[in-house]
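This report is meant for a reader coming to the structure for the first time. Please look over the sequence and the model before reading on.

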Amino acid sequence: MKHILLALVATASAIVAQEKPEAEVNPSTIAASIRRGVDFLIEDQNENGSWGGATRTKGLNIYAPLPGAHHAFRAGASGLALSGLIDSGDTRPETLAAIAKGGAWMEAELPKLRRADQTTTYNAWGHAYGMRALTRLYQTAKDDAAKEKWKRLAQEQSDLANRYMDLNGGWGYLDIYDGLATQKPTGITTCFTTATVLLAMREARDVMGIKLDEKIVKASLASIERQRTPDFSYVYSHSHIYRPRVPINRPAGSLARSQACNATLRAFGEVKVTDAIVDEWANRFIEREGFLSIGRKRPVPHETHFQISGYFYYYGIFYFTESVEFLPPAQQPAHAAKLAKVILHRQEKDGSWWDYPLYDYHQPYGTGYSLMALSWCREKLKPQ
């Protein structure tokens with residue numbers, strides 16, 4: 001058995017080495033990449049202003065009760081795509097028109113977002129990334145009436161997310177394993193879904209002044225803390241607390257989750273997440289990015305090394321920026337340059353970025369994550 005494990009590690013290491021990202025990072029290459037990503041999203045936008053849809057199915061499709069699951073997927077993908085467009089800073093008329101259409105869809109559809117049924121809470125992703133988009137619409141609004149509108153909608157999304165907090169604190173996305181159907185979710189709260197929601201709430205609070213329910217924030221932070229291991233890996237879900245060393249819960253399996261969870265605990269005042277921890281995990285992410293990349297585009301979740309799924313990839317790319325933002329300003333550019341190299345290298349020929357074939361949502365969400373992250377890199381790499 002030991003020989004088999006060593007062989008697997010050696011094989012994985014060889015693959016990681018072969019996949020070393022290479023790209024020239026400078027203002028011109030970053031600007032060109034961002035423009036290609038923006039062009040893709042403009043072309044890919046639905047007529048009604050959203051992105052993605054319940055098409056491009058395959059042999060194995062993610063469980064999605066109709067129609068609510070797809071409303072949640074579309075809300076999440078559209079929130080990310082719209083956020084990416086806004087962060088890009090592109091002011092061409094066609095970009096501004098796409099942003100306006102996306103904002104109109106958000107205004108009309110986000111208030112309708114609920115969980116599909118008692119087996120899923122995919123809507124947590126829609127509430128979180130809806131808030132991300134609403135925060136940016138608020139920041140770019142031209143008058144007080146528009147700002148008030150976006151703030152009101154963001155408060156509504158925060159309150160709706162609160163309704164679906166799990167009994168264990170925090171948020172999950174599935175509730176199918178215990179055979180129980182409850183009004184209050186009692187499924188598998190996950191540290192990363194919880195981090196996603198809390199960071200979106202914090203941003204909306206800091207930018208727009210929405211009110212957070214401190215009891216819910218406290219319970220959710222406690223849930224993340226329970227899922228943290230001493231090395232600042234985070235187990236996949238609350239039920240994994242009792243299995244902390246299965247592959248998905250080891251550092252390589254936690255590369256993406258640790259970015260989001262460390263950022264969340266730090267954002268809400270956890271002193272254990274020091275600069276040294278943030279820096280260490282940022283370096284780990286870049287050095288071991290190949291483990292995440294091996295899972296990209298594979299249609300079966302958790303089938304590769306450390307039970308990594310493709311959809312971990314661009315999630316980790318974006319939350320890398322949220323984590324590194326807590327480091328002293330002088331340390332951030334070096335990390336930004338390394339991350340930019342990865343993002344530039346991974347861009348597809350059509351200008352998109354994607355990591356997992358999720359119906360027709362994967363290119364909008366992957367491109368949204370990447371544009372936000374690459375726009376952050378651009379800002380950090382500007383001469384001081």
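## The largest pocket

In this predicted model, the largest pocket holds about 820 Å³ of space. Its lining is made up of 33 residues, and those closest to its centre are Tyr-122, Trp-125, Tyr-173, Phe-192 and Tyr-311. The elements that each give two or more residues to this lining are α3, α5 (123–140), α9 (255–267) and α14 (362–380), and α3 gives the most, with five residues.

The lining of the second largest pocket divides into nine charged, seven nonpolar and three polar residues.

## The nonpolar core

The largest nonpolar core has 111 residues, and those with the most contacts inside it are Trp-171, Tyr-315, Ile-317, Leu-339, Tyr-369 and Leu-374. Once neighbours within four places in sequence are left aside, Leu-339 is in contact with Phe-285, Ile-286, Ile-317, Phe-320, Thr-321, Ala-373 and Cys-377.

## Cysteines

A disulfide is taken here as a pair of cysteine sulfur atoms within 2.5 Å, and by this rule the count comes to zero. Cys-191 is in no disulfide, since the nearest cysteine sulfur, that of Cys-261, is 3.8 Å away and a disulfide needs the pair within 2.5 Å. Cys-191 is buried, with a relative accessible area of 0%, and Cys-261 also counts as buried, at 0% relative accessibility.

## Backbone details in the loops

Two loops hold the backbone features described here. In the loop between α2 (27–44) and α3 (68–88) lies Pro-67, which is joined to Leu-66 by a cis peptide bond with an omega of about -10°. Arg-56 is found in the loop between α2 and α3, and although Arg-56 is not a glycine, its phi is positive, at about 55°. Arg-56 counts as partly exposed, at 49% relative accessibility.

Phe-306 is found in the loop between α11 (289–295) and α12 (313–324). Phe-306 is a residue other than glycine with a positive phi, near 55°, and it is partly exposed, with a relative accessible area of 27%.

Conventions
Residues are numbered from 1 along each chain as its sequence is written. This is a predicted model: local features need pLDDT of at least 70, side-chain atom pairs count only at pLDDT 80 or more; totals for chains, interfaces and linings use all residues. Side-chain values use heavy atoms; hydrogens and water are left out. Buried means under 20% relative accessible area, exposed over 50%, partly exposed in between (1.4 Å probe, protein chains only). A nonpolar core is a set of buried Ala, Val, Leu, Ile, Met, Phe, Trp, Tyr and Cys residues joined through side-chain atoms within 4.5 Å. Contact means heavy atoms within 4.5 Å. Helices (H or I, at least four residues) and strands (E, at least two) are DSSP runs, numbered from the N terminus. On a 1 Å grid over the protein atoms alone, a cavity is a set of points where a 1.4 Å probe fits but cannot get out, and a pocket is an open set with protein on both sides within 12 Å along at least five of seven lines; lining residues have an atom within 4 Å of a point. Grid points are joined across faces, edges and corners, and a volume is the space filled by probe spheres set on the points. Ala, Val, Leu, Ile, Met, Phe, Trp, Tyr, Cys and Pro count as nonpolar, Asp, Glu, Lys and Arg as charged, and the others, Gly among them, as polar.
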